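Subject: Structure handover

Hello,

Here is the structure I said I would pass on. My notes on what was found in it follow below; please read them with the structure open.

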Amino acid sequence: MPRHRCAILDDYQNVALQSADWSKIAGDLDIKVFSQQIAGQDAVIKALQGFEIICAMRERTAFPRDVIEKLPDLRLLITTGMRNASIDVSAAKARNVVVCGTPAVGNPTSGIAIGLMLELTRRIGYENARMKAGVSWQSTIGLDLEGLTLGVVGLGKLGTRTARIALAFGMKVIAWSQNLSPEKCKEAGVDYAPKDELFRQSDIITVHLILSPRTRGLIGANELGLMKSTAYIINTSRGPIIEEPALLTALRERKIAGAGLDVFDVEPLPTDHPLRKMDNVVLTPHLGYVAIQNYRAYFAGVVDDIRAFLEGKPVRVLG
């Protein structure tokens, strides 16, 4: 029997084939791993011609209708995780392309959010770099998290997990989102605050929302203008939830103390982007879900999805 051509996309660390047991499907596949991002829609279409199975890592490569319709051999499209806003599932259905997701484990994004808070307030990485560069001793004065107010925008699974860690640090935690109630906050052990009050009162704000038409641009010049000049904002959700031009202005003009960002409007972040040059910004390259345990769950799920599809019984079908 002919083998099925399978593309594994955006495996930046080149670990996909080591993160799961592929032996149960290896005999049925010709696998090509793409460890570098394929930049641009036309390049994606050209590179993926002839592949029947495509495995996407989260939203690193988009599959809108225009791309799906120009991949005539595509039969199975897998995304890691069970949600991917960059795949047009209805377009895939119209072309008889099965779209499947995978399990995920843990809450690694919460660790990145807290890590960004600690770097902004205690400058651990900054002082580490100075010591290794030969500077004799300390230069910064840190800000202890205990006693500060954390504003959580979005109190879902990740927002709640982050709030609980903050409570363990001795922070006061308040929360808001469009559908959040005081009762839901009470269940999580935090206080409810109206949106404007959350931005006024918080010493640190952390964003934990799904990107949607309702949340795109939710935080703009008005919200940033309500923040204390000593306050920080953390975004580990999706870049467009915060209006980038408004954020750049607030940072340049020191209207807020700084930002910790793991997500951006364009990813990878262009090398000449102004955020890379700001001394009041801490940047990480979308590390939120990038954890060994998560990758093992992702790619084990990919293998199971492919096996089930080849047997004519797809699992974890989306849409």
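H286 has a relative accessible area of 12%, so this residue is buried (buried means under 20% relative accessible area, exposed over 50% and partly exposed in between, with a 1.4 Å probe and protein chains only). Before going on, note that this is a predicted model, in which local features need pLDDT of at least 70 and side-chain atom pairs count only at pLDDT 80 or more, while totals for chains, interfaces and linings use all residues. Residues are numbered from 1 along each chain as its sequence is written, and side-chain values use heavy atoms, with hydrogens and water left out.

H286 sits in the loop between β12 (281-283) and α12 (292-310). Helices (H or I, at least four residues) and strands (E, at least two) are DSSP runs, numbered from the N terminus. The side chain of H286 makes a polar contact of 2.7 Å with that of E267. A polar contact is a pair of N or O atoms within 3.5 Å; within protein, one must be able to donate a hydrogen and the other to accept it, and residues adjacent in sequence count only if both atoms are side-chain atoms. If neighbours within four places in sequence are set aside, H286 is in contact (heavy atoms within 4.5 Å) with R238, D262, V263 and E267.

Two other loop residues

G239 lies in the loop between β10 (232-235) and α11 (244-252). Its relative accessibility is 7%, so G239 counts as buried. Apart from neighbours within four places in sequence, G239 is in contact with V263, F264 and D265. From C-alpha to C-alpha, G239 and D42 are 24 Å apart in space, and they are 197 residues apart in sequence.

P72 belongs to the loop between α3 (65-68) and β4 (76-79). With 44% relative accessibility, P72 counts as partly exposed. Neighbours within four places in sequence aside, P72 is in contact with Q49 and R95. P72 and G50 are 22 residues apart in sequence, and their C-alpha atoms are 7.7 Å apart.

Helix α7

The 12 residues of helix α7 (residues 157-168) should span 16 Å at 1.5 Å a residue, and the end C-alpha atoms are 17 Å apart, which agrees. The expected span is 1.5 Å times one less than the number of residues in the helix. Which residues of α7 are buried? They are G159, T160, T162, A163 and A166. Seen down the axis of α7, these buried residues fall within an arc of 165°, so they line one face of the helix; the arc is that of the directions from the helix axis to the C-beta atoms. K157, R164 and A168, on the other side of α7, are exposed. The buried residues of α7 pack against α5 (108-122), β6 (149-153), β7 (172-176), α8 (182-188) and β9 (204-207). After α7 comes G170, which has a positive phi, near 90°.

The whole chain

The chain has 12 helices and 12 strands. Buried residues make up 48% of its 319 residues. Of the contacts in the chain with a separation of 6 or more, 63% are between residues 24 or more positions apart. The C-alpha trace spans about 65 × 50 × 35 Å along its principal axes.

Regards
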